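Good morning, and thank you for making time for this. Please have a look at the model on the screen, and then I will take you through a few parts of it.

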Amino acid sequence: MTDRTKRVIIRAGAIGLQWIGLTIALGALVMRADASYSELITPSFGAAPVFFGAMIAGFLLGLTIESPRFLAPLVILMCMVASGFVGILTYAPVVDGILIRTPALDNYVSQRVILMTLIMIMAVIPSTVAGTLLGGNLRVRQEIAPHPEDLAVDDEVPWWEQRYGSHSGTESDAETGRRPI
Amino acid sequence: MRPNRYIVLISILLGFAGAWLSADAVGQYLNAARSFASVDASYVEGSFAWKDPQYNEATAEFEITNDSDNDARLAHFGINLHFDGRFAGARYDQWEAIDIPAESSVIVEIPFLVSISEIRSEGGDAELSVSGQLRLEFENVGRDMTVPARGTIGHVPYQESNND
């Protein structure tokens, strides 16, 4: 395995772990946001922490990922998966054999998932943009001055970590017709 | 550019906290659902007895079963007596809460008062039935549960031996 491959795996793994962690944290807030369960599950927080939690999660992802092509789908997917935690909670007694699955239950879950997804998407849009704009300083290499080794692998930076338009292109790109990214 | 390690670490820690909160929420909800599904109220067959030949008052026993893992408290028991499906009377006394330990059952004796004087005389001939509901409070569950209680008693004439 080459150094480049290792770097790519570590970076993708770190982003993946971050996404999973934030999604689970948001999902936990979604589970405790439902007024229907407020007397059965304590503490229950209501919907406001979901909104602000989504803002924080979007901001943290924005700080880490610069490429909008990669960031936008990840953030939307995070909101959708976290909303699905309502289904995990509601269907748990069904899986356990305590309750039966009915169309009313399905309708309730689907409407909650849609509502929570919309609430979170509204929250993450501005915070993600803010995070990706403010995160430039955090995304730099660990030293202020670029390390020669890092400079050497600049062309090998994965596409999802490249700033749009930051690459000026090379002569070979011009020959092959490749557009700079 | 590599992701900032502190941001990734914070996100992972948030994920662990979220996983714990999620598992706890599912556990609490399952506990409540199991408790609600594990209670039953049923009329004790043959326990109904008239206390007087004028069919003014009667008593009947009900068995309340709590098969859940949580202690329960029978906070209220509202039950009506019917003659051939028509309302005839009810339990009118002040209810005192009864504790029902986990995985146990209690038998409660309910006094009935026939309050519809027009049909009182039919008490010995009518098909008797009861309907009502009881309210249970569970330990570790924030919401009360209302359980329907129904039972068919049948024909029960007055027997003097019941009141000896």
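This is a predicted model: local features need pLDDT of at least 70, side-chain atom pairs count only at pLDDT 80 or more; totals for chains, interfaces and linings use all residues.

Let me begin in chain A, where P43(A) lies in the loop between α1 (3-31) and α2 (48-64). The peptide bond that joins T42(A) to P43(A) is cis, with omega at about -5°. As background, most peptide bonds are trans, and most residues other than glycine have a negative phi. Y55(B) sits in the loop between β2 (49-50) and β3 (57-66) of chain B.

Staying with helices for a moment, how do α3 and α4 of chain A pack? Helix α3, residues 68-83, and helix α4, residues 85-95, meet at an angle of about 15°, and their axes are 4 Å apart. Because angles under 35 degrees count as roughly parallel, α3(A) is roughly parallel to α4(A). In this contact, V81(A), A82(A) and S83(A) from α3(A) meet F85(A), V86(A) and G87(A) from α4(A). Sorted by class, the residues in the contact between these two helices are four nonpolar, two polar and no charged.

Now I would like to turn to the place where the two chains meet. Chain A brings 39 residues to the contact and chain B brings 30, and the area buried between them is about 3200 Å², with carbon and sulfur atoms giving 65% of that area.

How many salt bridges are counted between chain B and chain A? The count is three, while over all chains the count comes to nine. One bridge between the chains pairs E39(A) with R143(B), whose closest N and O atoms are 3.0 Å apart. Another pairs D96(A) with R34(B), with the closest N and O atoms 2.9 Å apart; here D96(A) belongs to the loop between α4 and α5 (103-134) of chain A, and R34(B) belongs to helix α1, residues 5-37, of chain B.

Across the interface there are also nine residue pairs in polar contact. On the side of chain B that touches chain A, the residues divide into 18 nonpolar, seven polar and five charged.

That is where I will stop, and I am glad to go back to any part of the model.

Technical notes
Residues are numbered from 1 along each chain as its sequence is written. Chains are lettered from A and ligands numbered from 1 in the order in which they are written. Side-chain values use heavy atoms; hydrogens and water are left out. Contact means heavy atoms within 4.5 Å. Buried area is the accessible area (1.4 Å probe) that two parts lose on being put together, summed over both. A salt bridge is a side-chain nitrogen of Lys or Arg within 4 Å of a carboxyl oxygen of Asp or Glu. A polar contact is a pair of N or O atoms within 3.5 Å; within protein, one must be able to donate a hydrogen and the other to accept it, and residues adjacent in sequence count only if both atoms are side-chain atoms. Ala, Val, Leu, Ile, Met, Phe, Trp, Tyr, Cys and Pro count as nonpolar, Asp, Glu, Lys and Arg as charged, and the others, Gly among them, as polar. Axes are lines fitted to C-alpha atoms, for helices over the stretch in contact, and angles run from 0 to 180 degrees between N-to-C directions. Helices (H or I, at least four residues) and strands (E, at least two) are DSSP runs, numbered from the N terminus. Angles under 35 degrees count as roughly parallel, over 145 as roughly antiparallel, 65 to 115 as roughly perpendicular and the rest as oblique.
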